[in-house]
Amino acid sequence: MQRLEVVELVVRNSNGTFNVTPISIKEVKELCIMRSKLEGILIRDAINNLTDESIEYLSYLTKMVQFTSRLENYKDIDDFGGKFHNAIYTISNNTTVVKKFSN
């Protein structure tokens, strides 16, 4: 919570509880752009580190996202999509960006 407070995403109340700081549409757009650019860096780095095994795993996850999408199984779509992104993060071996995404 202290970390969120430092980056002004939460505000500590006088009684010790926290409130989420309001965020504007402009800030949301800026955060989406920032994340998109960071993910581009991770993808570039992952491409440079691809192995036959990682390509096979990413292909499997892609097929599962497509399959669960056709079934409109949103929980599994989210699960496989999350696994895909996590795999990209791991394969990228870019510990700095991954650390910022995971914490």
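This is a predicted model: local features need pLDDT of at least 70, side-chain atom pairs count only at pLDDT 80 or more; totals for chains, interfaces and linings use all residues.
Figure 1. Is Glu30 buried, partly exposed or exposed? Its relative accessibility is 41%, so Glu30 counts as partly exposed.

**Figure 2. A salt bridge between Glu39 and Arg35.** Here is another pair in helix α2, again with about one turn of the helix, four residues, between Glu39 and Arg35. The N to O distance in this salt bridge is 3.5 Å.

**Figure 3. Arg44 and Asp45 meet through their side chains.** This salt bridge has an N to O distance of 3.0 Å. Asp45 counts as buried because its relative accessibility is 14%. Arg44, with a relative accessible area of 48%, is partly exposed.

**Figure 4. The largest nonpolar core.** Eleven residues make up this core: Leu42, Ala46, Leu58, Leu61, Phe80, Ala87, Ile88, Tyr89, Ile91, Val97 and Val98. Which elements give two or more residues to it? They are α2, α3, α4 (74-92) and α5 (95-102). Helix α4 supplies the largest share of the core, five residues. As general background, nonpolar side chains in soluble globular proteins tend to be buried together.

**Figure 5. Ile88 and the residues it touches.** Take one core member, Ile88, and look around it. Leaving aside residues up to four places away in sequence, Ile88 touches Leu42, Ile43, Ala46 and Leu58. Leu42, Ala46 and Leu58 are also listed in the largest nonpolar core.

**Figure 6. Ser54 beside the backbone of Thr51.** Ser54 sits in helix α3, which covers residues 52-70. A polar atom of the Ser54 side chain lies 2.8 Å from the backbone nitrogen of Thr51. Is Ser54 buried or exposed? With 10% relative accessibility, Ser54 counts as buried.

**Figure 7. Positive phi values at Glu72 and Asn93.** Two loops are worth a visit here. The loop between α3 and α4 holds Glu72, whose phi is positive, about 55°, although this residue is not a glycine. Glu72 counts as exposed because its relative accessibility is 52%. Asn93 is found in the loop between α4 and α5. This residue, also other than glycine, has a positive phi near 60°. At 60% relative accessibility, Asn93 counts as exposed.

**Figure 8. Asn15 and its contact with Thr17.** The loop between β1 and β2 (18-20) is where Asn15 lies. Its side chain and that of Thr17 are joined by a polar contact of 2.7 Å. Even with this contact, Asn15 counts as exposed, at 60% relative accessibility. How far is Asn15 from Arg3 in space? The C-alpha to C-alpha distance is 19 Å, and twelve residues separate Asn15 and Arg3 in sequence.

**Figure 9. A nonpolar patch on the surface.** Our last stop is the patch formed by Met1, Leu4, Val6, Val7 and Leu9. Together these residues have about 470 Å² of accessible area. Where does Leu9 lie? It is in the loop between α1 (2-6) and β1 (10-12). Leu9 counts as partly exposed because its relative accessibility is 41%.

Methods: Residues are numbered from 1 along each chain as its sequence is written. Side-chain values use heavy atoms; hydrogens and water are left out. Patches are made of residues with over 30% relative accessible area and no salt bridge: like charges are joined within 9 Å, nonpolar side chains (Val, Leu, Ile, Met, Phe, Trp, Tyr) within 5 Å. Accessible areas come from the Shrake-Rupley method with a 1.4 Å probe; for residues, only the protein chains shown count as cover. A salt bridge is a side-chain nitrogen of Lys or Arg within 4 Å of a carboxyl oxygen of Asp or Glu. Buried means under 20% relative accessible area, exposed over 50%, partly exposed in between (1.4 Å probe, protein chains only). A polar contact is a pair of N or O atoms within 3.5 Å; within protein, one must be able to donate a hydrogen and the other to accept it, and residues adjacent in sequence count only if both atoms are side-chain atoms. A nonpolar core is a set of buried Ala, Val, Leu, Ile, Met, Phe, Trp, Tyr and Cys residues joined through side-chain atoms within 4.5 Å. Contact means heavy atoms within 4.5 Å.
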